[in-house]
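Subject: Handover of a structure model

Dear colleague,

Please find below the structure that I am handing over to you, followed by an account of what was found in it.

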Amino acid sequence: MNEQKKIVPRRIAQTVINSLKGGVVPRIGLPYITVGRKLEIQALLHDVDIIASGGASFRFIVGRYGAGKSFLLQTIRTYAMDKGFIVVDADLSPERKLHGSSRQGLATYRELIANLSTKTKPEGGALTLILDRWISAAETKAATESGLSMDDPAFSKVVDKEILAVTSSLGEMVHGFDFARLLSTYYHAYLDGNDEKKDSVVRWFRGEYGTKREARQELGVNIIITDDDWYDYLKLFALFFRLAGYQGMLVMIDELINIAKIPNPQSRQYNYEKLLAMYNDALQGKARYIGFLMGATVETLEDRRRGIYSYEALRSRLSEGRFSQPGARDLLAPVIRLDPLSPEEMVVLCGKLADIHSGLYGYRNRIGDSEIASFIKLEYERIGSNQHITPREVIRDFIELLDLLYQHPDVRMEDLLESKDFTFAKSEAVSDESSEEYKTFTI
């Protein structure tokens, strides 16, 4: 912990501390606090390399609430964007599913596209930026290869050929012809300075057209994105992004428990069928330049009544082999199970947080390794901690300690830890979230 420390910009430090104190994963600053998960990260980065070479991947990230699923997903998100990938992500909810009778699948697609991110626009909403960059790159390439100036009347024809080379590559895919036609429409609207037409194309790509008639009147296409085919358009986007100069696309979908919570068995099965179709496409080579990371709890995966294992075709593909065990997991399998961080890793993590906290509020960090070790020892000595404690709870407790020590400089950490008035946050695993999930599966 006392090795040379990285200076964390205050804007990032504020986001990291506030997010972790609120029990959520920050979308920026993760490299400053990443601890452990080295093997899991290596396995997923191998998948990223496979995607960049034209393949596809599909992984489930499985662990208890607060065990670090979302943290790992966001860490890989950052790595992937740094490597030139497009990343889209969404959390499932009662309104967002993989399939639904009231456009819940389309709602998930819309959320994914709304969160479309690149290294230069990591906060999402990057679709228009990517389209404009693609056209600009085509113009630059045409100018370099042809030697023509952009004012030359013949220049537009050269650019047309560059654009056609991309759009024609999409034509053989499902819905590829209309997708390519809309890309061409966007390009010509770009040339004409027709912002209204450009906005209409972007609306279509975002899945915001409700009827085919509206799309036909405004864009001349007799098709819209629906609950049934939104996944086909993700595959089209992945190939287009590759042709536009990116390495590929990573799709991250968390909170799969919201599928298991669907009360209607038939609706649940439709969602699991969609999940199976995506899984099969990735593993059988029917998708290119695309990877999927799905976040789920252990119960969501293994429950035989309503979870993923209730769908036999998925259970038979995802069940863990007899040799894999805690501490020696098969990280090349479709399911990556997250073992808890060790107490030693938690000491390192808390050390990083103490440095970030002191840098954010401008005080000298008075907490050393021995104090942090005492705090971690107390956390792990709680009744049931070997089964229920999670990094989320430990982190929130520790940030509370840091806040108190900063606001009360005369108080020592030892005094707080030894005080009978100091109470640790109750384990969510034995109270709110897990009990709620347990009720979901047992009613």
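A residue is called buried here if its relative accessible area is under 20%. Please note that the model is predicted.

Overall composition

The chain has 20 helices and 5 strands. It comprises 443 residues, of which 50% count as buried. Among contacts between residues at least 6 apart in sequence, 70% join residues at least 24 apart.

The sheet

Where does E4 stand in the order of the strands? The 5 strands form an open sheet in the order E2-E3-E4-E1-E5, with parallel pairing, which places E4 between E3 and E1. Strand E2 (86-91) and strand E5 (335-337) are the edge strands, each pairing on one side only. On average, neighbouring strands of the sheet are turned by 20° against each other, direction ignored.

The pairings can be described one by one. Strand E1 (residues 56-62) runs parallel to E4 and is joined to it by 7 bridges; within this pair, Ala 56 stands opposite Ile 290. Strand E3 (residues 249-254) also runs parallel to E4, with 5 bridges, and Met 249 has Ile 290 as its bridge partner. E1 and E5 pair in the parallel sense over 3 bridges, and the partner of Ile 61 in E5 is Ile 336.

Two helices that pack on the sheet deserve mention. Helix H3 (residues 69-82) touches E1, E2, E3 and E4, and its direction makes about 165° with that of E3. H10 touches E2, E3 and E4, and its direction makes about 145° with that of E3.

The nonpolar cores

Which residues have the most contacts inside the largest nonpolar core? They are Phe 60, Trp 204, Phe 205, Phe 237, Phe 240 and Met 249, in a core of 82 residues. Helix H10 (residues 230-243) supplies the largest share of this core, 10 residues. Phe 237 touches Tyr 109, Ile 113, Leu 127, Phe 179, Phe 205 and Met 249, not counting residues up to four places away in sequence. Apart from this core lies another, of 32 residues, including Ile 399, Leu 401, Leu 416 and Leu 417. In soluble globular proteins, nonpolar side chains tend to be buried together.

A helix pair

Finally, helix H15 (residues 343-361) packs with helix H18 (residues 391-407) at an angle of about 35°, the axes being 10 Å apart. Their crossing is right-handed. From H15, the contact involves Met 346, Leu 349, Cys 350, Leu 353, Ala 354, His 357 and Tyr 361; from H18, Pro 391, Val 394, Ile 395, Phe 398, Leu 402, Asp 403 and Tyr 406 take part. These contact residues divide into 12 nonpolar, 1 polar and 1 charged.

With kind regards

Terms used: Residues numbered from 1 in each chain as written. Predicted model: local features only at pLDDT ≥ 70, side-chain atom pairs only at ≥ 80, totals over all residues. Heavy atoms only, no water. Axes fitted to C-alpha atoms, helices over the stretch in contact; angles between N-to-C directions. Helix = DSSP H or I, 4+ residues; strand = E, 2+ residues; numbered from the N terminus. Left-handed = near helix turned anticlockwise from the far one by under 90°. Contact = heavy atoms within 4.5 Å. Nonpolar A, V, L, I, M, F, W, Y, C, P; charged D, E, K, R; others polar. Pairing = 2+ DSSP bridges. Core = buried A, V, L, I, M, F, W, Y, C linked by side-chain atoms within 4.5 Å. Buried < 20%, exposed > 50% of the residue type's maximum accessible area, 1.4 Å probe, protein only.
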